[in-house]
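Reader: I'd like to learn how to read salt bridges in a model like this. Can we go through them together?

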Amino acid sequence: MDPILLLSQALLLGFSLVGVATARPALLDDHLIRVGLCLAATFAGALVRPLWLVRFAKPLFALTLVLLIAVLFVGTGPAGEYRRWFSLGPVDLQPSELLKLVAIFYIAAYFHQRNLDQPILKVVAWLGLASVLVVVEPDVDGGILMVVLTGTMLLLIGVPWRRILALTALLAVLLMAFVTFMPGKFAYIPDRLEGMRLYLRGEADPGDEGYQATYAHRAILQAGPFGRGPGAEMQIPTGLTGLTSDLAAVPIVWATGWVGGAMLLTALGLLLLRGFNIALHLEGTAAVVATGITSYLFFQTAFNLMGTLIYPIIGMPLPFVSYGGTSLLVAGFALGLIHSLAREARPSLSREVAP
């Protein structure tokens with residue numbers, strides 16, 4: 001297995017444990033199990049040939065689509081207001097997290113079969129339907145990530161950017177139609193925007209949406225260069241819930257300081273750069289899969305950190321750091337596939353470092 005990827009993942013999971021222990025100590029035992037499962041998923045993914053998954057991309061995508069539909073009827077979610085996952089006893093299954101990885105295989109399968117002149121509209125239509133189902137949960141943030149990831153991958157495999165823009169505009173119209181005709185589903189969006197307004201004006205109270213950003217930024221500033229120590233619990237205001245998910249980086253900085261925050265960003269950057277480097281040393285469908293997986297991790301990281309540093313309106317977990325079930329398992333398995341692809345790229349990588 002690739003040592004750089006392993007080291008980066010180990011550092012991120014270690015920071016994840018520090019963050020959960022700082023923000024929600026009661027969740028630490030449960031999180032230890034999830035971290036172990038994430039590592040197991042990574043080793044399992046390293047044993048799988050990604051091109052085998054590409055071969056079965058269509059049935060995998062069909063199964064994911066069925067799960068996305070089913071979760072709207074029998075799923076559960078935060079405070080009972082959303083339908084985002086299936087509760088399977090101690091484990092929750094979130095289909096939208098599975099979609100991020102399966103969509104990569106689906107697009108890679110299109111690239112693999114381009115000689116058959118398969119129309120791109122069919123691929124985009126099915127991925128657009130899946131993205132709409134994610135939005136209806138409601139999870140607008142996840143839908144946006146799917147659109148960005150799909151557009152990026154299509155551009156990388158050679159689809160003209162004008163066609164991608166046209167298809168994106170069509171999908172945006174469909175999403176706006178859902179928002180218009182199902183206003184109750186998306187009432188949280190105006191609340192977030194109002195919270196952002198209060199935050200920018202400095203008027204957010206502990207009970208307001210905007211106070212989450214105020215508290216997060218205040219905690220980062222108060223942490224100082226070396227933090228308050230791993231055992232220093234945060235005095236979390238009532239109603240603040242994002243410190244193990246959207247704002248997972250904040251308790252880590254609180255405990256380890258700005259130095260620890262810099263190390264966290266370095267580990268994330270190292271993992272992503274290594275993933276893209278491996279992709280550059282591959283060809284054909286393998287390169288598409290490696291680029292797609294690394295792009296998925298990159299966009300999820302970028303969306304999360306954008307919310308942490310600017311304003312937390314993006315409900316996106318930080319890969320290998322946020323407390324979660326399906327998100328940790330999917331990210332771990334995806335990274336395992338990069339390890340598998342690194343074996344194919346090893347001769348080229350070895351020549352790169354040879355004197």
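Reader: How many residues apart in helix 5 are Lys100 and Glu97?

Author: Some ground rules before that. This is a predicted model, where local features need pLDDT of at least 70, side-chain atom pairs count only at pLDDT 80 or more, and totals for chains, interfaces and linings use all residues. Residues are numbered from 1 along each chain as its sequence is written, and side-chain values use heavy atoms, leaving out hydrogens and water. Now, an α-helix has 3.6 residues a turn, so residues three or four places apart point the same way. Lys100 and Glu97 are three residues apart in helix 5 (residues 95–112), about one helical turn. Helices here are DSSP runs (H or I, at least four residues), numbered from the N terminus.

Reader: Which side chains does Lys100 meet in a salt bridge?

Author: Side chains of opposite charge can pair when their charged atoms come close. The rule here is a side-chain nitrogen of Lys or Arg within 4 Å of a carboxyl oxygen of Asp or Glu. Lys100 meets Glu97 at 3.0 Å, N to O.

Reader: Is Lys100 buried or exposed?

Author: Buried means under 20% relative accessible area, exposed over 50%, partly exposed in between (1.4 Å probe, protein chains only). Lys100 is buried at 3%, and Glu97 is buried at 4%.

Reader: How many salt bridges does the rule give?

Author: Three. Asp30 and Arg34 pair at 3.1 Å, N to O; both sit in helix 2 (residues 28–46), four residues apart. Arg274 and Asp2 pair at 2.8 Å, N to O. Arg274 is in helix 11 (residues 249–280) and Asp2 in the segment before helix 1 (3–23), so this pair ties together parts 272 residues apart in sequence.

Conventions. Helix = DSSP H or I, 4+ residues; strand = E, 2+ residues; numbered from the N terminus.
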